[in-house]
Amino acid sequence: MNGLELLKALRKGLPGVALDMPFAMLTGHADKPVVGLAFELDVDCFLIKPITAAVMNERLVRVLSTDRPVKSPYDYHDVDLDSAIQVAEAAVGANAEIPAIVSPGDRSGEPRPAPPDGRDQPVDLTSVRNGVILAKPIATTSGHVLLQAGTELDQRTIERLQDLAEIDPNLKQIYITTK
């Protein structure tokens, strides 16, 4: 069982394991389909390699001291790990581009429109606050979409994006809708 399979099993409910079990993902690559799947499976934080003891401590303290919303185990049943991992492995083996990741909860691949009467405003990810609406999709440097336009950001999602921004400069600034 790989880490994503374990995370999915935890989120779907394992006997004797709390549904809100914190889960940290150790990775050296923000630009892989596993990151999008981890978002969809509600990973709590990303630990970016190489990691210092201080950063690891900060992230784990954050995760362990923050309540997370508990979704129904059925919310995770349709997360297709096998197809995404096979596509990624095939693309890496063929030295090809890996397709875009669909935003959490939206496997249609269709972007959601930004709210009307808004305008795009670029902001530094470190200054983003809970409840803002994305005006443009958030994507990694090579174009893999993590979150679609129209997504409302919560504090947990902002923190996970900040984690990933350590290794992907494209995630340091995002576009939000302002009225």
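Predicted model: local features only at pLDDT ≥ 70, side-chain atom pairs only at ≥ 80, totals over all residues.
1. Accessible area here is what the Shrake-Rupley method gives with a 1.4 Å probe.

2. A few words on the overall layout. The protein has 5 helices and 6 strands, and from the N terminus on they run α-β-α-β-α-α-β-β-β-α-β. Of its 179 residues, 40% are buried. Among contacts with a separation of 6 or more, 65% are between residues 24 or more positions apart.

3. Which residues of H3 are buried? They are Arg59, Arg62 and Val63. Looking down the axis of H3, you will find its buried residues within an arc of 95°, so they line one face of the helix. Those buried residues pack against strand S2 (45–48) and helix H5 (155–165). On the face of H3 turned away from the buried side sit the exposed residues Ala53, Ala54 and Leu64.

4. Met1, Leu6 and Leu14 together make a nonpolar patch of about 310 Å². Leu14 belongs to the loop between helix H1 (3–12) and strand S1 (24–27). Why does Leu14 count as partly exposed? Its relative accessible area is 34%, and partly exposed covers the range between the 20% cut-off for buried and the 50% cut-off for exposed.

Key
Residues numbered from 1 in each chain as written. Heavy atoms only, no water. Patch = residues over 30% accessible without salt bridge, like charges linked within 9 Å, V, L, I, M, F, W, Y side chains within 5 Å. Salt bridge = Lys/Arg side-chain N within 4 Å of Asp/Glu carboxyl O. Helix = DSSP H or I, 4+ residues; strand = E, 2+ residues; numbered from the N terminus. Buried < 20%, exposed > 50% of the residue type's maximum accessible area, 1.4 Å probe, protein only. Arc of directions from axis to C-beta. Contact = heavy atoms within 4.5 Å.
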